[in-house]
Amino acid sequence: MKSAIKIFRTFLLVIFISVLTSCNGQTKSDNNQKAKQSGQSEITLPQDVSPHTMFRCSFKDKVGNIWFGTTGAGIYKYDGNLFIRYAEKEGLTNLIVYSITQDKNGNIWTGTDDGIYYSNGDNFFKLSVPKVENSNNSLLSKNKLPVYCVAVDNKNNIWFGTENTGLRCYDGNKFKNFRCINNIWTETSTNDNSQVGFIQSLLTDKKGNVWISSLNSPLQYFDGVSFHSINVDHLKNSEHKKGIEDISTGHFFQMIEDKSGNIWMATRDDGVCRYNGTLLESFTEKDGFFDNSSSCVYETKDGKIWMGSLGKSGTRGEGLKGLTVYDGKTFATIPSSEMRNNEVWTVIEDNKGIIWVGTREFGLFKYDGKKFKEVTK
């Protein structure tokens, strides 16, 4: 009997220890989960970050998170409830972010003022990119790698456009380098003296073509075999450019493809342009657009095209600013007096249909179709 009682007591002790261990483990797991999900419902300007920092870009990932890139405060991810910041301690050592995208494996890629970073979870890692000589453009920095745009093609190659080393393509193992030779992008060695090109934006369309906008070449796309040019010379003679000096042609801040396959381009001097596969046309003030300088373009779920503006051509920062919406027939401007700063740099829609607008002066606003609400302090 004593032996049976002893065995029974031992059994109870084992159960007690098991339950206690399980509870502790669950508590630690819950705490870790809470720590992982920690964030803020509103964004406060981080210490030592300039109040002139802008929300420069945005991207919606496969599960609906919205990623916002800033020019000094790193990246903010919005999960539908909270904002989580990614900066130095998460491995993002350069906080000036120009572009964000996602590959087919779910990794986030971002182009910064010095290099390209990727993330497969809570931390970012800098991609080691081979240096390319730039003897033909000594005015630009050779000590850093500004990456203004990143795109993923249908083979999961990572394309990125730089300020001073041309166009690069990374397949996960090796890099290809492209330089602009006689106005055509061509794969080259890393030490030639061809024009490198300042690439402002990239786009991968539904067919897998990679579109390239550069200050040093016509609008072009790569079909997997060769590059093809789209003539934009007619924009030079636009009516709104008369009497204005130093106007570039084909300077596109952002490109998107709409549901019908049209390519839309937000331009510095030609409002917003649309290419339907045959004709490239420009929409400016005369068509109802806010002004002639567009910064971003985005298509919402209902098929409307949203466009952000910066200011009248020739004034660079003065004049009309804000948002314009195209419903397929007409352009309508949205009053933006509720926004503390209405120089718009990025527009995106979340899964709930809320429009998010990023501006200069550390401004991030959400628009429910009636009014704007700021989420930055």
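Arg-274 stands opposite Glu-281 of strand S21, and the two strands concerned, S20 and S21, run antiparallel and are joined by four bridges, where strands are DSSP runs (E, at least two residues) numbered from the N terminus and two strands pair if DSSP finds at least two bridges between them. The model is a predicted one, in which local features need pLDDT of at least 70 and side-chain atom pairs count only at pLDDT 80 or more, while totals for chains, interfaces and linings use all residues. Residues are numbered from 1 along each chain as its sequence is written, and side-chain values use heavy atoms, with hydrogens and water left out.

S20 and S21 belong to an open sheet of four strands in the order S18-S19-S20-S21, with antiparallel pairing. Its edge strands, each pairing on one side only, are S18 (252–257) and S21 (280–283), and the twist from one strand to the next averages 20°. In the loop between S19 (263–267) and S20 (272–275) lies Asp-269, which counts as buried because its relative accessibility is 2%, the limit for buried being under 20% relative accessible area with a 1.4 Å probe, protein chains only. The side chain of Asp-269 makes a polar contact of 3.1 Å with that of Arg-268; such a contact is a pair of N or O atoms within 3.5 Å, one able to donate a hydrogen and the other to accept it, and residues adjacent in sequence count only if both atoms are side-chain atoms.

Tyr-76 stands opposite Phe-68 and has Arg-85 of S4 as a bridge partner. The hairpin of S2 and S3 has four residues between the strands, with Gly-72 at a positive phi near 155°, and the hairpin of S3 and S4 also has four, with Gly-80 in the turn at a positive phi of about 105°.

By class, the lining of the largest pocket has 20 nonpolar, 10 polar and eight charged residues, where Ala, Val, Leu, Ile, Met, Phe, Trp, Tyr, Cys and Pro count as nonpolar, Asp, Glu, Lys and Arg as charged, and the others, Gly among them, as polar.

Definitions and conventions. Buried means under 20% relative accessible area, exposed over 50%, partly exposed in between (1.4 Å probe, protein chains only). Axes are lines fitted to C-alpha atoms, for helices over the stretch in contact, and angles run from 0 to 180 degrees between N-to-C directions.
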